[in-house]
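Notebook open, structure loaded. I'm jotting down what I looked up, one stop at a time.

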Amino acid sequence: MKKILFSIFVAALAFNSCQDDNYYTQNTYPTLDEATQKAYDEEAIKNYLENTYITSRGKITSSETDANNSEIKNKKLADLNPQTLPSGVIYIEIPNAQPNPGVEIKDKDYLKFQQVGYALRAIESDGKVQFTSPITFYNTIDGGGVPLDDPQFYYVKQKVLDAAQKLVDEKAATAVKAATQRSYYEIEGFQEGIKKFKSFDIADDVDYNMQGIIIVPSRLAFGKDSHYNYIGISLNDYSFVFNIQVYKSRARDMNNSDEK
């Protein structure tokens with residue numbers, strides 16, 4: 001099994017390496033300096049909060065009215081008391097959708113959660129700064145309803161980092177030095193925002209009722225740094241929106257090689 005996992009990892013790095021010629025250059029948006037990108041992100045997030053809503057089950061939508069009943073108004077994100085952390089991460093607790101009492105989420109906890117996730121890039125168009133159309137970044141709700149099981153954009157296991165280091169040490173053609181670092185995989189702003197919620201303790205097949213939203217500015221995601229090829233395009237300068245419900249959490253067993 002370990003050999004199979006290592007082979008899969010090598011194949012992923014090989015794919016990432018093969019993509020290099022186009023991977024980081026296929027977007028046509030101009031590259032901004034960090035200060036300008038930060039200002040663009042903040043303006044685009046403000047506009048997003050004013051023009052995005054949640055359905056009665058807490059799922060984000062661009063529509064102000066319910067899809068099945070035009071008399072039912074969806075709730076605007078800006079009216080849901082969004083909280084901005086000192087870092088710039090924004091989180092929203094959806095009213096009447098939190099576990100009671102729930103389980104506190106701590107650093108490195110194992111997580112299983114439902115998610116509607118999007119990557120969006122802040123650009124200026126016709127004199128207005130706003131996000132581009134959203135690019136799907138793991139949508140379990142519309143993709144079968146199976147919760148994400150401890151994804152590596154939240155926590156990358158040590159064995160993945162060790163495999164990358166082995167390739168570097170062996171000077172393998174697929175070696176990517178950045179892949180030996182957690183920041184190559186993990187989204188820092190998501191790690192920070194998820195701890196503002198508590199987890200349920202419910203079965204995987206229970207239908208969703210989303211409990212919150214985490215908005216991560218690009219500088220707290222991958223910024224301008226190299227990163228794992230999650231969805232086949234560069235995610236540099238992309239902000240992220242995570243619409244989540246945490247089904248389960250527990251302390252990670254660091255004595256278990258499968259969870260390190």
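**Second largest pocket.** I went to the second largest pocket and got a volume of about 380 Å³; this is a predicted model, so I'm reading it as such. I counted 16 residues in the lining, and those closest to the centre are Tyr48, Asn51, Thr52, Ser62 and Pro134. Which element gives the most to this lining? I found that helix 3 does, with four residues. Helix 3 spans 34-51, and I also noted strand 2 (60-61), strand 9 (110-125) and strand 10 (128-131), each of them supplying at least two lining residues. Sorting the lining by class, I got seven nonpolar, eight polar and one charged.

**Thr31.** Next I looked at the loop between helix 2 (20-23) and helix 3, where Thr31 sits. Buried or exposed, I wondered about Thr31? Thr31 has a relative accessible area of 65%, so I put it down as exposed. Leaving out residues up to four places away in sequence, I see Thr31 touching Arg121, Lys224 and Asp237. I also checked Thr31 against Asn236: they are 205 residues apart in sequence, yet their C-alpha atoms are 9.4 Å apart in space.

**Helix 4.** I ran a length check on helix 4, residues 158-169. At 1.5 Å a residue, its twelve residues should span 16 Å, and I get 16 Å between the end C-alpha atoms, which agrees. For burial, I listed Val160, Leu161, Ala163, Ala164 and Leu167 as the buried residues of helix 4. Looking down the axis of helix 4, I see the buried residues fall within an arc of 160 degrees, so they line one face of the helix. After helix 4 comes Lys171, and I noted its positive phi, near 50 degrees.

I then went through the backbone angles. Where is the cis peptide bond I flagged? I found it going from Asn100 to Pro101, with omega near 10 degrees. Pro101 belongs to the loop between strand 7 (90-93) and strand 8 (103-104).

I also wrote down Asn81, which is not a glycine but has a positive phi of about 60 degrees. Its loop runs between strand 5 (75-76) and strand 6 (83-84). Asn81 has 55% relative accessibility, so I count it as exposed.

Asp150 went on the list too: not a glycine, and its phi is positive at about 50 degrees. I located Asp150 in the loop between strand 12 (148-149) and helix 4. With a relative accessible area of 6%, Asp150 is buried.

Note on methods: Residues are numbered from 1 along each chain as its sequence is written. This is a predicted model: local features need pLDDT of at least 70, side-chain atom pairs count only at pLDDT 80 or more; totals for chains, interfaces and linings use all residues. Side-chain values use heavy atoms; hydrogens and water are left out. On a 1 Å grid over the protein atoms alone, a cavity is a set of points where a 1.4 Å probe fits but cannot get out, and a pocket is an open set with protein on both sides within 12 Å along at least five of seven lines; lining residues have an atom within 4 Å of a point. Grid points are joined across faces, edges and corners, and a volume is the space filled by probe spheres set on the points. Ala, Val, Leu, Ile, Met, Phe, Trp, Tyr, Cys and Pro count as nonpolar, Asp, Glu, Lys and Arg as charged, and the others, Gly among them, as polar. Buried means under 20% relative accessible area, exposed over 50%, partly exposed in between (1.4 Å probe, protein chains only). Contact means heavy atoms within 4.5 Å. The expected span of a helix is 1.5 Å times one less than its number of residues. The arc is that of the directions from the helix axis to the C-beta atoms.
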